[in-house]
Amino acid sequence: MAKKGQTFQKYTLEIKSEAIRLREQGYSSQQVADRLNIISKDTVKTWWRKYQRDGHAFHLDNRGHKKEYTDQERYIKRLELENAVLKKFQEILVKEGKS
């Protein structure tokens, strides 16, 4: 867990790709970290797991995004929003009509 004021090391796509290439050649995470001056072998392990799961898109940062957000889901959300607005408008008309 990050500590207050802690800064994080950012690595270029080239470093990440080289780390994956070395892991594919059979080097351990520790060996890759030492060879490329990466602070932690856990960072290499994380990249490797993401690479195995996502392929060459492993370097993309998808925090806060759904994996799949289909057009159907967007359409449903839009309809729900329209429905809520229409209900609110109907309430306003009813109140004005009774006044």
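In the predicted model, helix 2 passes helix 3 in a right-handed crossing, where a crossing is called right-handed if the near helix is turned clockwise from the far one by less than a right angle, and left-handed if it is turned anticlockwise. Two packed helices are described by the angle between their axes and the distance between the axes. For helix 2 and helix 3 (residues 41–54), the angle is about 115° and the axes lie 8 Å apart, which makes helix 2 roughly perpendicular to helix 3. The axes are lines fitted to C-alpha atoms, for helices over the stretch in contact, and the angles run from 0 to 180 degrees between N-to-C directions. Angles under 35 degrees count as roughly parallel, over 145 as roughly antiparallel, 65 to 115 as roughly perpendicular, and the rest as oblique. Helix 1 (residues 13–24) packs against helix 2 (residues 29–36) at an angle of about 140°, with the axes 10 Å apart, and helix 1 and helix 2 are therefore oblique to each other. The crossing of helix 1 and helix 2 is right-handed.

The model is a prediction in which local features need pLDDT of at least 70 and side-chain atom pairs count only at pLDDT 80 or more, whereas totals for chains, interfaces and linings use all residues. Residues are numbered from 1 along each chain as its sequence is written, and side-chain values use heavy atoms, with hydrogens and water left out.

The protein chain contains 4 helices and 0 strands, so that, helices being DSSP runs of H or I with at least four residues and strands being runs of E with at least two, numbered from the N terminus, its elements run α-α-α-α from the N terminus on. Of the 99 residues in the protein chain, 15% are buried, a class that means under 20% relative accessible area, while exposed means over 50% and partly exposed lies in between (1.4 Å probe, protein chains only). In the loop between helix 2 and helix 3 lies Asn37, which has a positive phi of about 55° although it is not a glycine. Asn37 counts as exposed, at 65% relative accessibility.

Side chains of opposite charge can pair when their charged atoms come close. A salt bridge is defined here as a side-chain nitrogen of Lys or Arg within 4 Å of a carboxyl oxygen of Asp or Glu, and by this rule the count comes to 2 salt bridges. One joins Glu18 to Arg21, with the closest N and O atoms 2.5 Å apart; Glu18 and Arg21 are 3 residues apart in helix 1 and are thus separated by about one helical turn. Glu18 is partly exposed at 26% relative accessibility, and Arg21 is partly exposed at 36%. In the salt bridge between Arg78 and Glu82, the closest N and O atoms are 3.2 Å apart, and both residues lie in helix 4, 4 residues apart, or about one turn of the helix. Arg78 counts as partly exposed at 46% relative accessibility, as does Glu82 with a relative accessible area of 38%.

Tyr75, Ile76 and Leu79 make a nonpolar surface patch of about 270 Å². Patches are made of residues with over 30% relative accessible area and no salt bridge, like charges being joined within 9 Å and nonpolar side chains (Val, Leu, Ile, Met, Phe, Trp, Tyr) within 5 Å, and accessible areas come from the Shrake-Rupley method with a 1.4 Å probe, only the protein chains shown counting as cover for residues. Ile76 is found in helix 4 (residues 71–98) and is partly exposed, with a relative accessible area of 40%.
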